[in-house]
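This report describes how the parts of a structure are packed. Please look at the sequence and the model first.

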Amino acid sequence: MLGKPEWFQRRKYGGWGITPKTWQGWIYIAVLILPFIIFQSLPYWDNNTRFIVTLIWMAILIVDVIDIMIHLKRDEREKMHEAIAERNAAWFMSIILALGLAYYAIVNGLNGKIFIEPFIAIALFGGVIIKSITNYKLGKKN
Amino acid sequence: MIIKTKMTELRKKKDMTQQQLADKVDVARQTIISLEQEKYNPSLALAHKITKALSQKKMEDVFIIEETA
């Protein structure tokens, strides 16, 4: 792909994703983002063209970043740290989602409506399924 | 259980830097620092790699397992 994993490191603080580690990483960001900003700032294009270019540009960026993230080199200690941090983040988000679901259920119940926020329910239910699949696969593997 | 290590002593004897050892066993330098400070317990595979990289025959020559009460 376009970017090399050795130019980047896993984002530890302030979210998920990758952050540049070497000057090549910063060049990669500049090369990928600057032409897009220039394109968007020029008045020659109609909305349809802008939309299509943005879509293609985002697809390239997302696919490349995912590819870099998959191939990022991490040793066993770094993998363990990442796993613990992700677990803690997942726990926090799950608790907030569960509280949100309960809040909306109570509020709607008091108003005489039966309504469960679908996105929250899907997130929680999806999480349960992903956890089960992961445990099943890990159990089979080792 | 506590794992003590002689890594620093053995590495210095071999005139190796932390980065050189890290490159040899394919880990980050920070991992070598954590191991030398006895903050991180290595996996069996990593302990084996480090033992080889420090030209030791047995893991017990590099890592000492201390049982806690």
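## A residue between the chains

Leaving aside residues up to four places away in sequence, A:R77 touches B:T31, B:S34 and B:Y40. Two residues are in contact if their C-beta atoms, placed from the backbone, lie within 7 Å. A:R77 is part of helix α3 of chain A. Helices (H or I, at least four residues) and strands (E, at least two) are DSSP runs, numbered from the N terminus.

A:R77 counts as buried because it has 21 C-beta neighbours inside 10 Å. A residue is buried if 20 or more other C-beta atoms lie within 10 Å of its own, exposed if 12 or fewer, and partly exposed in between, with C-beta atoms placed from the backbone. The contact takes four residues from chain A and eight residues from chain B. On the side of chain B that touches chain A, four residues are nonpolar, three polar and one charged. Here Ala, Val, Leu, Ile, Met, Phe, Trp, Tyr, Cys and Pro count as nonpolar, Asp, Glu, Lys and Arg as charged, and the others, Gly among them, as polar.

## About the model

This is a predicted model, in which local features need pLDDT of at least 70 and side-chain atom pairs count only at pLDDT 80 or more, while totals for chains, interfaces and linings use all residues. Residues are numbered from 1 along each chain as its sequence is written, and chains are lettered from A and ligands numbered from 1 in the order in which they are written.

## Domains of chain A

Chain A is assigned domain 1 (5-71) and domain 2 (76-141). Such bounds come from an automatic or database domain assignment. Taken over C-alpha atoms, the centres of domain 1 of chain A and domain 2 of chain A are separated by 29 Å.

A:W45 lies in the loop between α1 (23-41) and α2 (47-71) of chain A. A:W45 counts as partly exposed because it has 13 C-beta neighbours inside 10 Å. From C-alpha to C-alpha, A:W45 and A:K131 are 46 Å apart in space and 86 residues apart in sequence.

## Helices α3 and α4 of chain A

Two packed helices are described by the angle between their axes and the distance between the axes. In chain A, the axes of helix α3 (residues 76-110) and helix α4 (residues 118-141) cross at roughly 135 degrees and come within 9 Å. α3(A) is therefore oblique to α4(A). Axes are lines fitted to C-alpha atoms, for helices over the stretch in contact, and angles run from 0 to 180 degrees between N-to-C directions. Angles under 35 degrees count as roughly parallel, over 145 as roughly antiparallel, 65 to 115 as roughly perpendicular and the rest as oblique. The crossing of α3(A) and α4(A) is left-handed; a crossing is left-handed if the near helix is turned anticlockwise from the far one by less than a right angle, and right-handed if clockwise.

On the α3(A) side, the contact is made by A:S94, A:L97, A:A98, A:G100 and A:L101, and on the α4(A) side by A:I120, A:A121, A:A123, A:L124 and A:G127. Seven residues of this contact are nonpolar, three are polar and none is charged. Is A:I120 buried, exposed or partly exposed? With 19 C-beta neighbours inside 10 Å, A:I120 counts as partly exposed. Not counting residues up to four places away in sequence, A:I120 touches A:L97, A:G100 and A:L101.

## Helix packing in chain B

α2(B) and α3(B) have axes 8 Å apart and pack at an angle of about 110 degrees. α2(B) is therefore roughly perpendicular to α3(B). B:Q18, B:Q19, B:L21 and B:A22 in α2(B) meet B:R29, B:T31, B:I32 and B:I33 in α3(B). This contact has four nonpolar, three polar and one charged residue.

The axes of α2(B) and α4(B) cross at roughly 120 degrees and come within 9 Å, so the two helices are oblique to each other. Their crossing is right-handed. From α2(B), B:L21, B:K24 and B:V25 meet B:L46, B:K49, B:I50 and B:A53 in α4(B). Five residues of the contact of α2(B) with α4(B) are nonpolar, none is polar and two are charged.

## Positive phi in two loops

Most residues other than glycine have a negative phi. B:D26 is not a glycine, yet its phi is positive, about 60 degrees. B:D26 is found in the loop between α2 (18-25) and α3 (29-36) of chain B. B:D26 is exposed, with 12 other C-beta atoms within 10 Å.

B:S55 also has a positive phi, near 55 degrees. B:S55 is in the loop between α4 (44-53) and β2 (63-66) of chain B, and B:S55 is exposed, with 10 other C-beta atoms within 10 Å.
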